Amino acid sequence: MNTVRFRVLDHSYIFAALVGLGLLLPGCDSISPQSEKSDENERIVQEVQDFRSTYSASLSHIGNHLDTTGASLGNKGAVQTGLQSFVNKRSGSNPEVSENAAEAFVNNYQNSKLRTRTFSESSAREDLPRNVREVVRSAQESLRNSTSYSAFKKHLRESRDSILAESWSKEEKKQALAYLVLVEETMSFVKSNPHLVEQSNASSVTADGQLVATAEEEEEETWWESWGKCVAGTVGGAGTGTLMGAAAGTTIPEPVTTGVGAAVGGVSGALGGAAASC
């Protein structure tokens, strides 16, 4: 995909306001409000950014809970308890919101456990729109060729610019962007918390689950080639199923309920399974 840079707004104060409100995705320039397409893109960017913020916060909350209890992402009960605590905190203990999130979590966790999809399987899914499948294929190709996590993340961010420039439907753009967000935020969490993912390569892990800080393994390329790239493949494969499970009629549901519940369920189910062999 070619990176498209958007024309800077004529009024700098509008741009500053958008940045201050967090409505622009990293890596994107300002979007002109003079066209209908640009107005729609701004709304899409805001919805996706809301999803990113809520999903990232949920992972952080769950991670703290797992650290406190000494559990890993492979412990379904501990992950679900952490998720429910997060949802209750955000929703004011609304029972309907809590129930929706729990149902989405269980459904997607179970689906991921039953069959963890590879990137190539996910990019061939007929239940995804063709344009979204192309985004998955592009991410798959980048993963195959990337020599570092930074290079892979750079591709994901460049893809966001290209998606916003396309003449796709609003639903396709949101679904494709949500997929990229899910992969990037999950990988960022895993990279910062490797001890929460059970690993078969015990020689690289200390007794408390932390990666051994040898000179070689402190290099990002080594982390990426020895473990990170494999985990990214697992996350990328799980991401498509998570999107379909979260959809329920819309591509990005209300973030604190179905969307985040489905995302956490799908990703934690996959990481608790296939990623253990990375």
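Residues are numbered from 1 along each chain as its sequence is written, and side-chain values use heavy atoms, with hydrogens and water left out. Since this is a predicted model, local features need pLDDT of at least 70 and side-chain atom pairs count only at pLDDT 80 or more, while totals for chains, interfaces and linings use all residues.

On confidence: pLDDT is the predictor's confidence in each residue, from 0 to 100. The protein chain averages 75, and 67% of the residues score at least 70. Over residues 1-34 the pLDDT is below 50, and this stretch has 66 contacts in the model beyond near neighbours in sequence; a contact means heavy atoms within 4.5 Å. Residues 247-253 are also below 50, with 11 such contacts.

Now helix 2, residues 36-69. Helices here are DSSP runs (H or I, at least four residues), numbered from the N terminus. The expected span is 1.5 Å times one less than the number of residues. For the 34 residues of helix 2 that should be 50 Å, and the end C-alpha atoms are 50 Å apart, which agrees. After helix 2 comes Gly70, with a positive phi near 75°.

What does helix 2 meet in helix 7? Lys37, Asn41, Val45 and Arg52 in helix 2 meet Arg160, Leu164 and Ala165 in helix 7. By class, that contact has three nonpolar, one polar and three charged residues. Ala, Val, Leu, Ile, Met, Phe, Trp, Tyr, Cys and Pro count as nonpolar, Asp, Glu, Lys and Arg as charged, and the others, Gly among them, as polar.

The angle between helix 2 and helix 7 (residues 149-165) is about 140°, and their axes are 10 Å apart. Axes are lines fitted to C-alpha atoms, for helices over the stretch in contact, and angles run from 0 to 180 degrees between N-to-C directions. Helix 2 and helix 7 are therefore oblique. Under 35 degrees counts as roughly parallel, over 145 as roughly antiparallel, 65 to 115 as roughly perpendicular, and the rest as oblique.

The other pair is helix 6 (residues 130-145) and helix 8 (residues 170-192), at about 20° with axes 9 Å apart. These two are therefore roughly parallel. Asn131, Val132, Val135 and Val136 in helix 6 meet residues of helix 8, including Tyr179 and Leu180.

Last, Ser93, in the loop between helix 3 (76-91) and helix 4 (95-114). Ser93 has a positive phi, near 60°. Most residues other than glycine have a negative phi.
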